[in-house]
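Q: Can we go through this structure and ask what stands behind each label?

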Amino acid sequence: MTVGYSRRPPVLFLLTIGGVLLVALLAAVMIGPVDLKPSAVLLEIFDHLPLVDVDSGLDARQAAIVWELRLPRAVLGALVGATLAVAGAAYQGVFRNPLADPYLLGVAAGAGLGATIAIVAVGSGSVMVPIAAFGGAVLAVVATYGLGSAGGGRRTGTTLILAGVAVAAFLTAAQTFVQQRHAETIREVYAWILGRLGTTGWGDVALMAPYAATSIVAIFLHRRLLDVLAVGEDEARTLGVRSERVRAAVVIAATLGTAGAVAASGLIGFVGIVVPHTIRLLVGSSYRAIVPMTVLGGAAFLVLADLVARTALSPSEIPIGVVTAFVGGPFFVVILRTSKRGTQ
Amino acid sequence: MIETQGLVVRYNGRAAVDGVTLSVAPGEWLGLIGPNGAGKSSLLGAISGTVAHDGVVRIGGRLSSELGRREAARAVAVVPQNPVLPEEMDVIDYVLLGRTPHLGYLAAETDADVAITEAALWDLGIIHLADRPLGSLSGGERQRCVLARALAQEAPVLLLDEPTSALDIGHRQQVLDLVAELRRTRSLAVLAAMHDLTLAAQYADRLALMIEGRITIEGTADEVLTESTISAFSGARVSVMRGPDDQIVVVPRRRG
C-alpha cells in the first residue's frame with residue numbers, strides 16, 4: 001500500500017545542504033588574510049578535540065588565529081544564521097504571511113533602540129550593548145503581543161502583525177531620535193545596525209548557543225503543528241489543535257532566538273526571508289521539511305556571507321548585513337525564476 | 001453516533017440554534033436542510049465542539065463537554081463549507097493533517113499514519129495527485145482532498161457543511177456517492193447540511209428542516225419535502241415531483 005510519498009524531509013536534499021554547510025565551515029576556517037596550510041588548520045582543530053593530540057605544525061600565533069578567531073567566528077555565524085532563518089520560517093508559518101520575518105514583531109527596532117541607548121551611554125565596546133539589545137527586543141515583542149490582543153480581545157495573526165508594525169515604527173522613531181541627538185556616536189550605532197559577527201572568540205558563541213539551541217529545538221518540535229496552522233484557526237480546532245497555544249509557543253521560541261542573535265551580532269537582515277523561501281521553493285511548503293533544512297541552510301548562508309564580508313575587500317570588512325542583502329537578493333530572484341514550484 | 005438535547009448557540013444574545021434535539025445512528029445519514037442563516041453551520045459547529053453552546057451533545061454516548069480537544073477531533077471529522085486549502089501545500093501533506101488528533105502534541109507522524117493517509121487517497125481515487133500542490137487541482141479534486149483528510153481522521157462521525165455547493169452537478173454526484181459508500185463501509189454517522197433538496201432527498205436517510213434555529217419537521221423525504229413546507233421556509237415556488245425511480249424531485253417554477 002505504501003507508495004513511497006511519505007516521510008519528509010527528502011534525505012538527498014538534507015545531505016546536500018549539510019554538505020554545503022560543512023564546506024562553508026571549512027572554507028571559513030581556512031581562508032583569511034594570514035595564509036595557513038589547510039591541512040595544518042584541520043590538524044589544529046583536531047588537536048582540540050578531546051582525547052586527540054596531534055601536532056599541527058602551526059606556531060602559537062597561527063594556532064590562535066584558527067582556534068580563537070576563525071573557528072569561533074564561523075561557529076557563531078552558523079548559530080546566528082540557523083536561528084535567524086528558522087525564526088523567519090516560524091514567523092511565516094505562524095502568521096501565514098510570506099513576508100513575516102524575525103524583525104516583524106518589532107524585534108529589530110526594539111533591539112536597535114536598546115543598543116543605541118547603550119552605545120550612547122557607555123560606548124559600543126561595552127558588554128551592556130548586547131544586553132540592552134536583548135532587553136529592547138524582548139520588550140518590543142511583549143508590547144506587540146499586548147497591543148495585538150487589546151483590540152478585539154483575540155490575538156489573530158493579522159492583529160499581531162499590525163501591532164508589530166506600529167511598535168516597530170514607534171521604536172524606530174525613538175531610536176533615530178536618540179541617534180540624532182548624539183551625532184558623535186552615529187558611526188558606531190550605524191556599524192552595529194548593519195550587523196557584524198563578534199570577534200571576541202568563544203565568549204560570543206557561549207552567549208548565543210543557549211538561545212540558538214532553545215529556539216531551534218522548540219521550533220523543530222512544532223514543525224508538524226506549523227502545517228496544521230496553515231488551514232486556519234477554525235479548521236485547526238476541528239483537528240484538535242489550539243492555534244493560540246501553538247502560536248504563542250512558536251513566537252516565544254523564535255523571538256528568544258532572534259533576540260539572542262541580535263545581541264550577539266547586531267541586526268543582520270534578509271536571512272529570515274531569503275533562506276526559508278529558497279528552501280520552500282526547493283522542497284514545498286510542509287514545515288516538516290522546511291524547518292530542518294532551513295536550520296542547515298541558514299547556517300551555511302551566513303557562514304558564506306561572512307566569508308565574503310571579510311575577504312571581498314580584505315583587509316577591510318563589509319558589514320555582513322550588507323552582504324546578506326547584496327548577495328541574497330539576486331540569488332533569491334534567480335531561485336524564484338528558475339524553480340519549477342515558483343513558476344507553476 | 002450523535003445525540004443532542006436542547007442544544008442552544010447564542011451570538012450576542014441572539015439564539016442562532018434554539019433548542020435542537022436530534023440523533024444520528026452509526027451508518028445513518030441525516031440531511032439538514034433549511035434557508036440561509038437558519039443556524040445549520042452553527043449547529044454543526046456546536047456538535048464538533050468548535051462553537052460555544054448550551055445543552056447536551058453526546059458523541060458515541062459520551063458528553064462532548066467531557067471530551068478533550070484532541071479526543072473530540074478523533075470522534076468527529078468536519079468537512080467545512082469553505083475549507084482553507086493552502087495553495088502551495090502538497091496533497092499528501094494536506095491529507096496527513098487528518099492524523100493530527102491521533103498524534104501527541106509534539107509527536108512526529110509514524111509510518112502507520114502515512115499508510116492511513118495513503119489509504120484515504122486511494123479510497124477517494126486521488127493517490128496519483130499525492131505530490132501535487134493543492135493550488136494546481138480542480139474544484140472536484142480539491143473537494144476529494146478535503147474528504148480524504150476527514151477520512152484520515154478516522155472519526156466515526158462525519159459532519160459535512162454544504163459539501164458540494166462549489167461543484168458542478170457531475171462532481172456533486174461523485175462526492176455524494178463517495179460519502180454514501182464510505183458511510184456504509186465504515187458505518188459513519190453522517191450529518192450533512194445540504195442546499196440541493198433533490199440530492200438531499202436522494203442521499204440522506206432522513207431529513208431535518210431547520211428554520212430560525214429550530215428543527216420544525218424531521219422525517220423521510222416524503223414527509224418533509226412537500227410543496228407547502230418548501231415554500232413556507234424558502235419562499236420559493238416549487239413543484240415536488242417524482243423521478244423515474246419514484247424519487248422525489250424538487251423543481252423550481254417561474255413566476256406567472
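A: Start with contact: two residues are in contact if their C-beta atoms, placed from the backbone, lie within 7 Å. Keep in mind that this is a predicted model.

Q: Which residues does A:Gly81 touch, not counting residues up to four places away in sequence?
A: A:Gly81 touches A:Val271, A:Gly298, A:Ala299, A:Phe301, A:Leu302 and A:Val303. A:Gly81 itself sits in helix H3 of chain A.

Q: Why is A:Gly81 called buried?
A: The cut-off is 20 or more other C-beta atoms within 10 Å. A:Gly81 has 35 other C-beta atoms within 10 Å, so A:Gly81 is buried.

Q: How do you know whether the radius of gyration of chain A agrees with that of a compact globule?
A: With 344 residues, a compact globule would have a radius of gyration near 20 Å. Chain A has 21 Å, which agrees. Along the principal axes, the C-alpha trace of chain A spans about 65 × 65 × 40 Å.

Q: And what does the rule say for chain B, with 256 residues?
A: A compact globule would have a radius of gyration near 18 Å, and chain B has 19 Å, so the two agree. The C-alpha atoms of chain B fill a box of roughly 60 × 40 × 30 Å along the principal axes.

Q: What makes up chain B, and how many helices and strands are there?
A: Chain B has nine helices and twelve strands. Buried residues make up 45% of its 256 residues. Of the contacts in chain B between residues at least 6 apart in sequence, 65% join residues at least 24 apart.

Q: Why are S2 and S5 of chain B called edge strands?
A: The open sheet has four strands in the order S2-S1-S4-S5 (chain B), with antiparallel pairing. Strand S2 (14–24) and strand S5 (62–63) each pair on one side only.

Q: How do you know that strand S4 (residues 54–59) of chain B and S5(B) pair?
A: Pairing needs at least two bridges. S4(B) and S5(B) have two bridges, in the antiparallel sense. In S5(B), the bridge partner of B:Arg58 is B:Leu63.

Q: Which strands pair with strand S9 (residues 206–211) of chain B, and in what sense?
A: Strand S3 (residues 29–33) of chain B runs parallel to S9(B), joined by four bridges. There, B:Ile33 has B:Leu209 as its bridge partner. Strand S10 (residues 214–219) of chain B runs antiparallel to S9(B), joined by five bridges. Here B:Ala208 has B:Glu218 as its bridge partner.

Q: What lies between S9(B) and S10(B)?
A: The two strands form a hairpin with two residues between them. B:Glu212 in the turn has a positive phi of about 45 degrees.

Q: How do you know that the length of helix H4 (residues 111–123) of chain B is close to the expected one?
A: H4(B) has 13 residues, and 18 Å is expected at 1.5 Å a residue. From first C-alpha to last, H4(B) reaches 18 Å. Just after H4(B), B:Gly125 takes a positive phi of about 70 degrees.

Q: Which residues of H4(B) are buried, and what covers them?
A: B:Val114, B:Ile116, B:Thr117, B:Glu118, B:Ala120 and B:Leu121 are buried. Their cover includes helix H3 (91–96) and helix H5 (139–152) of chain B. B:Val95 touches B:Thr117, B:Ala120 and B:Leu121, among others.

Q: Which residues touch the most other members of the largest nonpolar core?
A: That core has 189 residues, and A:Ala90, A:Val303, B:Val76 and B:Val95 touch the most other members. Helix H3 (residues 60–95) of chain A gives the most to this core, with 20 residues.

Q: What makes up the contact between the chains?
A: Chain A gives 26 residues and chain B gives 31. On the side of chain A, H10(A) gives the most, with five residues. By class, that side has nine nonpolar, ten polar and seven charged residues.

Note on methods: Residues numbered from 1 in each chain as written. Chains lettered and ligands numbered in written order. Predicted model: local features only at pLDDT ≥ 70, side-chain atom pairs only at ≥ 80, totals over all residues. Nonpolar A, V, L, I, M, F, W, Y, C, P; charged D, E, K, R; others polar. Core = buried A, V, L, I, M, F, W, Y, C linked by C-beta atoms within 7 Å. Buried ≥ 20, exposed ≤ 12 C-beta atoms within 10 Å, placed from the backbone. Expected span 1.5 Å × (residues − 1). Rg over C-alpha atoms; globule rule 2.2 N^0.38 Å.
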